[in-house]
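Please look through the model with the points below beside you. They begin with the chain as a whole and then turn to a few local features.

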Amino acid sequence: MTDYKARLTFDGLSDDEVRGLLKGLGIQLTPGEARQLVELLGREPTLSEAHLFNIMWSEHCSYKSSRKLLGRHLPTDGPNVLLGPAEDAGIVRFCEHEGVEYGVVFAHESHNHPSQVVPYEGAATGVGGIVRDVYCMGAEVFAVLDPLRLGDPTGPRGTRSAEVAAGVVDGIGGYGNPLGVPNLGGDAYFSQRFDDNCLVNVVALGLVRADGIIHSRVPAEAAREPYVYVLVGKATDDSGFGGAAFASVDLDEEEENRGAVQVPDPFLSRVLTEANKAAWAWLRRRGAAFGMKDLGAGGIACATSEMAADVGMGADVHLDRVPVSIDGLPPFVVACSETQERYMYAVPARLAEDFCAIFNRDWELGQTAVGAAATVIGEIVAEDRYRLLYRGEETEEVPVCSVSTRAITHGVYHERPRRAGSTRIHTERKRPDAGWGEILRGMLGSPGGASRYPIFKRYDSEVRGLTVLRPGEADAGVVAPLPGCPTGVAVSVDGNPRYGDIDPYLGAFFAVYEAARNVACVGARPAAITDCLNYGNPEQADIFWQFAEGLRGIGDACRALGLIEDPEAALPVISGNVSFYNQSAKGVAVPPSPIIACVGIVDDVRRAVPAYLTEPGLELLFVGRRGPELGGSLYYESVYGESAGRLPDLEADRWRRELGAVVEFISAGHAVACHDISDGGLALALTEMTLGTYLSTGVGLRANLHDLHAGSAAALLFNETPAYLLAVPKGSGGEAVRFLRARGLEAARIGSAVEERRLVIRYGEHYLINESLDELRELWLHGLDGVFGV
């Protein structure tokens, strides 16, 4: 069916017949939703309306399964929150400098399905979309990060998994590098559970003046004077049409929708960034209120309806006015295509002509990309009415869609059933035949324990000259985004899918603490988090239970951790994303994978510390305690091929006190380096501190763990209970231990850096590990060469 005005009739059809009719039209509405649409409209929908609601009622756009649970569990406000998760990005207070208050804009998204289908373009457009989300809040973007969950390159589908991984990493660098935004880090996990459905999450941060925040909605002034919609950017094509709906169904290799993947253009994006700044300044000089939104999922239809619905208004959108690069596009494609590098503005009608000239005349968008332009395409109306108007070959415009604005954005909700799944607890295993040094070597040469240098070497982490600590140098990236100001931003992304697979509540709880712990390790106070919630099909009761448990874990962790400067306040969740249907049509879902990004404030970046030992003589302290649990550990995965078992116990109050004391210690200038204990346990953390970075060769270490107790050598070395390693100057270890113990912490001196290039770990007189540092370094640096080359 190609007649965009044709009405779809469901009367007399069974659910199976309705499902078949919709599938033939490329529409993923359920039979129940299709009948609900008829009831809501009071008539049969046109083909154009069916496509519009197919996208706007998708999980990706509507949050129809998740929005009530999100509101129930997540703390989203706090004394440091300038803007919570209501618009394209959240904003947390940064600092005041020279009498001006600044905020950090923080956004987090997923581009999972597109990256599995077309890895380079899928990942690149994911970066582009998240960067635009931050730009359109009025911010200067100063960092991106990329947490990745990839297939197993050593497994039965290793060739395809390696191709996807390499394409994803190239796409991230291929967009971010020419855009001129530094990549401050990320993380990567490899598992056969991601063979059919990789997870490509993207994070962006920006700096904004508190008095310069731009909102993603129509201004209130539109109720008092005429306002119009101005589309700015690339000419519309059919790329990405149905992308939001594509991201809201199971991924089937035999039905991969490559047309639903967008096409990136970072060079046009860069020009648009500068042109937008000029446009903002022009509007502000005239005292004009305006709104702005990135065109992502759902394209023009999504941006125009959401911007109006947020203030109880509507719109008339003239699709014939939209610049297109392909003749003959159906109106619903023009309305819903996800062509990249586009923004929607709501500006006063009286200024529209001169406003468009800034882009078309002053910045010559059409010379940067064929057909790129700023064009008035619609009017805001002071009622709950949304119309898409199209003339085509007719003599005059006709409405191909005429509905309630609120019905588009809030018309659907599903109360999903939940069924508790089983936690994967196995009895602890017998000790392996291999020695501890051999096991450590195996970890370092595996995808799970190898250096991530082959990934981040493809990214520019120093462009703009504001980076303080680069990827691989510390547990969090650190940047000083405001020239002349010593205050900095630290950011980390975390979430262990092995933990989520065992217990979705604990997996989410640990993810929050791991992200917060990593920013603490550079001396930053955790200020806010974002979450990207990656799960399977929410229509399956056990999957939706996993999702609900994950939300509960995130909320509980945020309330337990709080803010260092205000312990009664929860660590706020200021932005995020829900990504469902991360599974193939075969029914294989990814492990529950809530990925947390934490932003922290560094009072003085000159005191931020790396995660590696910088010179012989440094004394090494252990802060925390060991436990007997090895479930979810990299040790179990490396030695036994799977990781089920008991996770570390929750000790939230102790962890909160440890985090606060570590931040205080580093901020006072007492520490030279700090590293947290997580994947691979104490043994891998000690090894990483000695190996240095990809540019430095590291120093040796002699450690004795006789003051630590875990019940077994395996647990002592590889248990992943959260803890810290602090390096201090020679001779200051005793004073440092007293400092930490005075704050109620368990702390002990366990070793010192030495010139001899060996890693020696003992327990009393018994040698556990005694390995050449140079040999360990070779394994660590080249463990991913088979995936990403050299």
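1. Of the 790 residues of the chain, 65% count as buried, where buried means under 20% relative accessible area, exposed over 50% and partly exposed in between (1.4 Å probe, protein chains only). This is a predicted model, in which local features need pLDDT of at least 70 and side-chain atom pairs count only at pLDDT 80 or more, while totals for chains, interfaces and linings use all residues. Residues are numbered from 1 along each chain as its sequence is written, and side-chain values use heavy atoms, with hydrogens and water left out.

2. The secondary structure comes to 27 helices and 28 strands, both taken as DSSP runs numbered from the N terminus (helices H or I, at least four residues; strands E, at least two). The radius of gyration, 27 Å, is close to the 28 Å that the globule rule gives for 790 residues, so the chain is as compact as a globular protein of that length; the radius is taken over C-alpha atoms, and the rule is 2.2 Å times the number of residues to the power 0.38.

3. Among contacts in the chain with a separation of 6 or more, 83% are between residues 24 or more positions apart, contact meaning heavy atoms within 4.5 Å.

4. Helix 16 (residues 436-444) packs against helix 26 (residues 773-781) at an angle of about 35°, their axes lying 7 Å apart; axes are lines fitted to C-alpha atoms, for helices over the stretch in contact, and angles run from 0 to 180 degrees between N-to-C directions. On the helix 16 side L440, R441 and L444 take part, and they meet E775, L776, L779 and W780 of helix 26. By class, this contact has five nonpolar, no polar and two charged residues, with Ala, Val, Leu, Ile, Met, Phe, Trp, Tyr, Cys and Pro counted as nonpolar, Asp, Glu, Lys and Arg as charged, and the others, Gly among them, as polar.

5. Where does L784 lie? L784 is found in the loop between helix 26 and helix 27 (785-788), and this residue is buried, with a relative accessible area of 0%. L784 and S446 are 338 residues apart in sequence, yet 7.5 Å apart in space, C-alpha to C-alpha. Leaving aside neighbours within four places in sequence, the residues in contact with L784 are F190, P447, A450, S451, R452, P454 and G789.
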